[in-house]
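Please look at the sequence and structure below before reading on.

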Amino acid sequence: MHFAPKVAVRVAEAFEKIRINPGNFADGRKTFKETNYESPEQYAAEVEYAEEIFTPLVEKCKSLNRAMRIGTNHGSLSARILSYYGDTPRGMVESAFEFARVCRKNDYHNFLFSMKASNPLVMVQAYRLLAAE
């Protein structure tokens, strides 16, 4: 589900597996606004906001025993990730891991990752980084 966390919670009631894109699940549509974080605390506050938005879906999927695919798209990384990691394979992986940490924090482990990029070299590098973690 893109752009509509509340809809995603409802969709989880009807489907066995739901896909979310961490780049726009909590942050909405891409604005191409550059964000510069003055401190790690500012960055952490944005991560905390994403967690707050994502947790209801995690709880719903856990309670219904639904699977989730955390699908990172190179072309739709959040402003937070772009500002901190740049437009990189590392940013793709960290975007997925931010959401995976929320899943694990809520004792939900029925998820998998996918990485998508129009440039095959970027996608392969992202998968290699993901596998190395």
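Apart from neighbours within four places in sequence, N73 is in contact with R19, N21 and K116. The model is predicted.

**N73**
- A polar contact of 3.1 Å links the side chain of N73 to the side chain of R19.

**The sheet**
- Three strands form an open sheet in the order β1-β2-β3, and the pairing is parallel.
- β1 (17-20) and β3 (111-116) are at the edges with a single partner strand each, so one side of each has no neighbour in the sheet.
- On average, neighbouring strands of this sheet are turned by 20° against each other, direction ignored.
- In general, strands of a sheet pair through backbone hydrogen bonds, either parallel or antiparallel.
- β1 and β2 (residues 67-73) run parallel and are joined by four bridges.
- R19 stands opposite R69 in β2.

**The nonpolar core**
- The largest nonpolar core contains 32 residues.
- I20, F54, L57, M68, I70 and C103 have the most contacts inside this core.
- Two or more residues of this core come from each of α1 (5-11), β1, α2 (40-64), β2, α4 (89-105), β3 and α5 (120-132).
- α4 gives the most to this core, with eight residues.
- In soluble globular proteins, nonpolar side chains tend to be buried together.

Note on methods
Residues are numbered from 1 along each chain as its sequence is written. This is a predicted model: local features need pLDDT of at least 70, side-chain atom pairs count only at pLDDT 80 or more; totals for chains, interfaces and linings use all residues. Side-chain values use heavy atoms; hydrogens and water are left out. Two strands pair if DSSP finds at least two bridges between them. Axes are lines fitted to C-alpha atoms, for helices over the stretch in contact, and angles run from 0 to 180 degrees between N-to-C directions. A polar contact is a pair of N or O atoms within 3.5 Å; within protein, one must be able to donate a hydrogen and the other to accept it, and residues adjacent in sequence count only if both atoms are side-chain atoms. Contact means heavy atoms within 4.5 Å. A nonpolar core is a set of buried Ala, Val, Leu, Ile, Met, Phe, Trp, Tyr and Cys residues joined through side-chain atoms within 4.5 Å. Buried means under 20% relative accessible area, exposed over 50%, partly exposed in between (1.4 Å probe, protein chains only).
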